[in-house]
Amino acid sequence: MSFNDVFKSSFLENVTEFSFADVILAMVFACVLGAFIYFIYKKTFQGVMFSSGFGITLVGLTMVTTLVILAVTSNVVLSLGMVGALSIVRFRAAIKEPFEIVFLFWALAVGIVIGAGMFLLAVVGSIIIGVILIVFARRKIGVHPYILVITCDDGAAEAAVLAKLRASVSRSQVKAKTVTPNGIELSIEVSLKGDDTVFVTSLFELDGVQNASLVTYNGQFAD
């Protein structure tokens with residue numbers, strides 16, 4: 001069969017018909033698994049500000065992807081046109097947390113799998129991914145760091161602060177030091193002994209200390 005014969009045949013014109021029940025079943029599965037992805041995102045979120053809009057987007061993205069895959073699998077010509085159309089789409093929304101990329105790809109993958117008719121794979125795969133994400137999100141890896149910001153009058157007060165700090169925390173490291181006519185400001189990364197933060201009060205009570213503040217630190221924001 002030559003190349004022209006392929007185009008003359010009805011191969012490119014065949015369209016797979018979907019029953020109303022098939023479409024409803026696929027969309028219901030997409031909605032349920034999208035809601036499951038949203039639930040896992042809410043349970044494992046560790047950022048600064050939770051976005052319910054992003055969670056709803058995960059549900060919508062799963063359903064839209066399922067709808068697109070259903071259309072693509074119904075006709076070869078349509079699938080080629082869909083690839084060309086989607087190749088020009090550009091998304092400009094900023095991802096606040098790198099962890100959110102996992103959920104975006106998860107929603108896309110579930111939508112593709114459901115659209116292809118592999119419902120069992122979508123369900124089992126989503127359960128496995130969800131369990132693993134929850135386990136790792138709740139597992140405490142290493143010591144959670146804090147940033148201690150202290151303003152001192154002079155070098156003597158600074159030395160007293162550092163000496164007191166070494167006896168109060170398990171680890172401390174000066175990250176920044178700013179000297180101004182009004183005093184010395186220190187930014188120190190500390191690892192606490194348990195959850196004890198009483199030492200901040202004792203540091204403030206030292207002679208020559210103007211103020212002391214302790215904030216959690218996750219490498220991006222203080223919360």
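How many helices and strands are there in the chain? In this predicted model, the chain holds 8 helices and 4 strands. Read from the N terminus, the order of the elements is α-α-α-α-α-α-β-α-β-β-α-β. Of the 223 residues of the chain, 30% count as buried. Among contacts with a separation of 6 or more, 71% are accounted for by residues 24 or more positions apart.

The packing of two helices was examined next. Helix α5, which spans residues 99-115, packs with helix α6, residues 119-138, at an angle of about 165°, and the two axes lie 8 Å apart. Helix α5 is therefore roughly antiparallel to α6, since an angle over 145 degrees counts as such. The crossing in which α5 passes α6 is left-handed. On the side of α5, the residues that take part are F99, V102, F103, W106, V110, V113 and I114. Their counterparts in α6 are F119, L121, A122, S126, I129, G130 and L133. Sorted by class, this contact of α5 with α6 comprises 12 nonpolar residues and 2 polar residues, with no charged residues.

Charged side chains were considered separately. Side chains of opposite charge can pair when their charged atoms come close. K177 counts as partly exposed because its relative accessibility is 47%. E158, by contrast, has a relative accessibility of 12% and so counts as buried.

Another salt bridge is formed by E189 with R171, where the closest N and O atoms are 3.4 Å apart. The two residues, E189 in strand β3 (residues 183-191) and R171 in strand β2, are 18 residues apart, and the pair links distant parts of the chain. With a relative accessibility of 14%, E189 counts as buried, whereas R171, at 38%, counts as partly exposed.

E189 also meets K175 through their side chains in a salt bridge of 3.4 Å, N to O. Here too the pair links distant parts of the chain, with E189 in strand β3 and K175 in strand β2, 14 residues apart. K175 has a relative accessibility of 48% and therefore counts as partly exposed. Through shared partners, the salt bridges join R171, K175 and E189 into one network.

A further residue of strand β2 is T178. At a relative accessibility of 39%, T178 counts as partly exposed. When its neighbours within four places in sequence are left aside, T178 is in contact with G183, I184 and E185. In space, the C-alpha atoms of T178 and T151 are 9.2 Å apart, while the two residues are 27 residues apart in sequence.

How values were computed. Residues numbered from 1 in each chain as written. Predicted model: local features only at pLDDT ≥ 70, side-chain atom pairs only at ≥ 80, totals over all residues. Heavy atoms only, no water. Axes fitted to C-alpha atoms, helices over the stretch in contact; angles between N-to-C directions. Parallel < 35°, antiparallel > 145°, perpendicular 65-115°, else oblique. Left-handed = near helix turned anticlockwise from the far one by under 90°. Contact = heavy atoms within 4.5 Å. Nonpolar A, V, L, I, M, F, W, Y, C, P; charged D, E, K, R; others polar. Buried < 20%, exposed > 50% of the residue type's maximum accessible area, 1.4 Å probe, protein only. Salt bridge = Lys/Arg side-chain N within 4 Å of Asp/Glu carboxyl O.
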